[in-house]
Amino acid sequence: MPELAIALDFTEIEDAEKFLYDLEDKDVIIKVGYSLFVKYGNAITDFIKNRGFKLFLDLKLHDIPNTVYNGVKGAVYLEADYLTIHTFGGREMLEKAVEAKEGSNLRLLGVTVLTSLDNKYLEFLGINDIIENLTLKLANLAVETGIDGIVCSPQEVKYLKSNINKDFIAVTPGIRPNSENKDDQKRTMDVKTAISEGSDILVIGRPIIKAEDPNKVIKEIKQSLNR
Ligand code: C5P
């Protein structure tokens, strides 16, 4: 069954903790990124794990293979369930990342081409390919190397799943339960459509954390997931 990951995009630990205290449904994944982790480190990740949530560390690792190896080991130490890594770092880096998580429950999620980049930038870099092809190339390499999942737009899931031979977890941000409010997301998709396209983990932030009644929004999303 598809799962819900809540993007815990607060900048102060007090706000994040209060939000988690009030959550009624423990069966959700909590995604922590730079905004909390750089400042608070394991204070926030321990809090999440101790309260029984699954931990999604969104740190998008990208460095030389040995450094990434040690970074992944750190995520294993923190008992993270998911960790993001840039597929652009190359085959050897991906292999070392996979080696580092062996024997643990950690699942690695590959990031391909950031949605903030465009074809013009690829051209500037001298890459003679369009974003769609490059995304598939990088996702294929990652999955082949043993990376467990790919972070992609819900619009890309079908294309990637039909062009990659091995199974992988499709993790999709840009989901809007209520399509009127898009925040700064340009291309959004509702929960049901995202699932029918093949999303396995739906990452949703502001529609939940900024809601008047987050528990109610979560309940509604979970109903769509269970159907
Ligand atoms: O608030 P919202 O639902 O837009 O949050 C989506 C989350 O997914 C944020 O934490 C954002 O950084 C992340 N994300 C994204 N688009 C990507 C990759 C990650 O929105 N391409």
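In the predicted model, an oxygen atom of the ligand lies 2.7 Å from a polar backbone atom of Arg206, a polar contact being a pair of N or O atoms within 3.5 Å. An oxygen atom of the ligand is likewise placed 2.7 Å from an N or O atom in the side chain of Asp9, and for the side chain of Arg176 the corresponding separation from a ligand oxygen is 2.7 Å. Taken alone, the ligand exposes 470 Å², of which the protein buries 78% (Shrake-Rupley areas with a 1.4 Å probe). Residues are numbered from 1 along each chain as its sequence is written. Because the model is predicted, local features require pLDDT of at least 70 and side-chain atom pairs pLDDT 80 or more, whereas totals for chains, interfaces and linings use all residues, and side-chain values use heavy atoms, without hydrogens and water.

The shell around the ligand (residues with a heavy atom within 4 Å of it) includes Ala7, Lys31, Thr115, Gln185 and Gly205, and it divides into five nonpolar, three polar and four charged residues. Two or more residues of this shell come from each of β8 (201–204) and α10 (206–209), as assigned from DSSP runs (helices H or I, at least four residues; strands E, at least two).

The ligand sits in the largest pocket, with more than half of its atoms within 2 Å of the grid points. This pocket has a volume of about 1200 Å³. Of its 36 lining residues, Lys60, Thr115, Pro173, Gly174 and Gln185 are the closest to the centre; a pocket is here an open set of points on a 1 Å grid over the protein atoms alone, where a 1.4 Å probe fits, with protein on both sides within 12 Å along at least five of seven lines, and lining residues have an atom within 4 Å of a point. β3 gives the most to this lining, with three residues.

Key. A polar contact is a pair of N or O atoms within 3.5 Å; within protein, one must be able to donate a hydrogen and the other to accept it, and residues adjacent in sequence count only if both atoms are side-chain atoms. Ala, Val, Leu, Ile, Met, Phe, Trp, Tyr, Cys and Pro count as nonpolar, Asp, Glu, Lys and Arg as charged, and the others, Gly among them, as polar. Grid points are joined across faces, edges and corners, and a volume is the space filled by probe spheres set on the points.
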